[in-house]
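Welcome to a short tour of one protein chain. Please take a moment with the sequence and the model before reading on.

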Amino acid sequence: MVKQPDEKTEALPDHVGWRLWQASRAWQVEFAAAMRAAGHAWFSEARAGLLGHIPRNGTRQSVLIERAATTKQAVQQLLDGLEAEGVLERLPDPRDGRGKFVRYTRKGLDALRDGDRIKLQIERGYIDRIGEQRFAALMDALRTLDAGRGDASAGPSGPK
C-alpha cells in the first residue's frame with residue numbers, strides 16, 4: 001500500500017510568464033531541430049543562445065560576454081566549440097589588439113540564412129494554427145510589451 005501525502009497541493013496560477021516561457025521553449029526546440037535537419041549538426045540551444053548575441057557583422061568578445069549574462073568561462077567554451085566547427089572566427093580586435101573580435105565565417109553566415117528561412121517557416125505554421133489576425137495581434141502585443149522595457153529592449157543588434 002502506498003501512503004499518500006497528507007498535505008494538499010495548491011493549484012498554481014495560470015499566468016502570462018508561464019505561458020510565454022512554454023511558448024518560448026517550444027519555439028526553441030522546434031527551431032533547433034529544424035536547424036539540425038537543415039544540415040547544421042553542430043547547432044544546439046546553448047549555442048543558439050550565444051549566437052543570438054552576435055550581430056551579423058561581428059562583435060568584440062568582451063561585449064559578447066556582457067551581453068550573454070553568463071560567465072566568461074562559459075562564453076569561452078561555447079566560442080571554442082563554434083570556432084572548432086568553423087561557424088565563428090576570432091581575430092585581434094582592431095580597436096584593442098589585446099582583445100578579440102568575434103565574427104561569422106561563411107559557414108556561420110550560411111547557417112544564419114537557413115535560420116532566417118526556418119524562423120519564417122515556424123511563423124507560417126503559427127499563422128496556420130491561429131490565423132493571420134490573431135498572429136498579427138500577438139506580434140503587436142509582444143512588440144508593445146518589449147517597447148515598455150525602455151532601452152534594455154533594443155538588444156544587441158535588433159531582431160534575429
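## A first look at the chain

Of the 160 residues in the protein chain, 24% are buried. Keep in mind as you explore that this is a predicted model.

The protein chain is built from six helices and three strands. Among the contacts in the protein chain with a separation of 6 or more, 49% are between residues 24 or more positions apart.

| Helix pair | Angle | Axis distance |
|---|---|---|
| α1 (residues 16-37) and α5 (residues 106-130) | about 130 degrees | 10 Å apart |
| α5 and α6 (residues 132-147) | roughly 120 degrees | within 7 Å |

Let us begin with α1 and α5, which pack at an angle of about 130 degrees. That angle makes α1 oblique to α5. The crossing of α1 past α5 is right-handed. Which residues make the contact? On the α1 side they are A23, W27, E30, F31, A34 and M35, while α5 brings A111, D114, G115, I118, K119, I122 and Y126. Sorted by class, this contact of α1 with α5 holds nine nonpolar residues, one polar residue and three charged residues.

Now follow α5 to its other partner, α6. The axes of α5 and α6 cross at roughly 120 degrees, and these two helices are therefore oblique to each other. Here E123, Y126, I127 and I130 of α5 meet E132, R134, F135 and M139 of α6. By class, the contact of α5 with α6 has five nonpolar residues, no polar ones and three charged ones. If you compare the two lists, you will find Y126 of α5 both in the contact with α1 and in the contact with α6.

## A residue to look up in a loop

Where does A69 sit? You can find A69 in the loop between α3 (61-68) and α4 (72-84). Although A69 is not a glycine, its phi is positive, at about 50 degrees. Is A69 buried or exposed? A69 counts as exposed, because its relative accessibility is 70% and the cut-off for exposed is over 50%.

Terms used. Residues are numbered from 1 along each chain as its sequence is written. This is a predicted model: local features need pLDDT of at least 70, side-chain atom pairs count only at pLDDT 80 or more; totals for chains, interfaces and linings use all residues. Side-chain values use heavy atoms; hydrogens and water are left out. Axes are lines fitted to C-alpha atoms, for helices over the stretch in contact, and angles run from 0 to 180 degrees between N-to-C directions. Helices (H or I, at least four residues) and strands (E, at least two) are DSSP runs, numbered from the N terminus. Angles under 35 degrees count as roughly parallel, over 145 as roughly antiparallel, 65 to 115 as roughly perpendicular and the rest as oblique. A crossing is left-handed if the near helix is turned anticlockwise from the far one by less than a right angle, and right-handed if clockwise. Contact means heavy atoms within 4.5 Å. Ala, Val, Leu, Ile, Met, Phe, Trp, Tyr, Cys and Pro count as nonpolar, Asp, Glu, Lys and Arg as charged, and the others, Gly among them, as polar. Buried means under 20% relative accessible area, exposed over 50%, partly exposed in between (1.4 Å probe, protein chains only).
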